[in-house]
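Please keep the sequence and the 3D view at hand while reading.

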Amino acid sequence: MPSFDIVSEVNDVEVRNALEQTNKEVSTRFDFKGSDARVDQAEKVLTLFADNDFQLDQVKDILTAKLTKRGVDIRCLDEAKSEKVSGNKVKQAITVRTGISGEEAKKIVKLIKDSKLKVQAAIQGDEVRVSGAKRDLLQECIALVRKAVTDYPVQFQNFRD
C-alpha cells in the first residue's frame, strides 16, 4: 500500500552554519564595535545577546537572513520575550522547533479525514503517516496539507509505492 510521512524537520548543520556566519558578521560590523553582541547555541535553543534592544533586533535580523539564505524555514523559530541581564544588557532565547506536536498532528489527521479522501492518517510519534490505495490520492493529500498548514514548515518523506 503506498504511503508517506508528514514531518517537520530542520537541518541542524545549516542552523549551526548560519549561527557561525551571524557571529562572524556581528564581530566585524562597525556598529557592533566594542559590544557583547553574539549568538550561542545549546541543543535546540539559540540565545541572542546584545547591549540594548535595538542591537538585539539587529542580531535577530542578521540571524534570520542567514538562516533563510541557507534554506532553513524561519517558521520553525519560536521566539521568547527579551529579558534584561546584568546592567542594561539584554538576551533573548529562540527555540528551533522540530517534529509535529500532538495538537498539530491531531489537526492534520482531522483535516485529512474531513477531506473525504480515501486515505488513512495515523500519528506516529512526532510525525503523521498517511497511506492509501492509489498514488494519486496521496498526491492530492500532499497538496491539501501543503495548502492548509501554514504555521510551521512541513516536509513529506518516505514516499513508498
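## Charge, overall form and local detail

In the protein chain, the mean position of the 28 positive charges and that of the 27 negative charges lie 3 Å apart. Lys and Arg count here as positive and Asp and Glu as negative, while His and the chain ends are not counted; each charge is placed at NZ of Lys, CZ of Arg, CG of Asp or CD of Glu.

The model is a predicted one, in which local features need pLDDT of at least 70 and side-chain atom pairs count only at pLDDT 80 or more, whereas totals for chains, interfaces and linings use all residues. Residues are numbered from 1 along each chain as its sequence is written, and side-chain values use heavy atoms, with hydrogens and water left out.

**Overall form.** The protein chain contains four helices and nine strands. Their order along the sequence is β-α-β-β-α-β-β-β-α-β-β-α-β. Helices (H or I, at least four residues) and strands (E, at least two) are DSSP runs, numbered from the N terminus.

Along the principal axes, the C-alpha atoms occupy a box of roughly 65 × 25 × 25 Å.

Of the 161 residues, 38% count as buried. Buried means under 20% relative accessible area, exposed means over 50%, and partly exposed lies in between (1.4 Å probe, protein chains only). Among contacts with a separation of 6 or more, 59% join residues 24 or more positions apart, a contact being heavy atoms within 4.5 Å.

**The aromatic cluster.** Which residues form one aromatic cluster? They are Phe4, Phe156 and Phe159. Rings of Phe, Tyr and Trp (its six-membered ring) pair if their centres lie within 6.5 Å; planes under 30 degrees apart count as stacked, over 60 as edge-to-face and the rest as tilted. By this rule there are two aromatic pairs, listed below.

| Pair | Centre to centre | Angle between planes | Arrangement |
|---|---|---|---|
| Phe4 and Phe156 | 5.9 Å | 70 degrees | edge-to-face |
| Phe4 and Phe159 | 6.0 Å | 10 degrees | stacked |

Phe4 belongs to strand S1 and Phe159 to strand S9, so their pair ties together parts 155 residues apart in sequence. Phe4 is buried, at 0% relative accessibility, whereas Phe159 is partly exposed, with a relative accessible area of 35%.

**Two positive phi angles.** Asn158 is also found in strand S9 (residues 155-160). Its phi is near 60 degrees, a positive value in a residue other than glycine, and Asn158 is partly exposed at 33% relative accessible area. Glu43, likewise not a glycine, has a positive phi near 55 degrees. Glu43 sits in the loop between strand S2 (38-42) and strand S3 (45-50), and is exposed, with a relative accessible area of 74%.

**Ile123.** Strand S7 (residues 119-124) includes Ile123, which is partly exposed at 40% relative accessible area. Leaving aside residues up to four places away in sequence, Ile123 touches Ala105, Lys106 and Val109. The C-alpha atoms of Ile123 and Ala105 are 6.5 Å apart, and the two residues are 18 residues apart along the chain.
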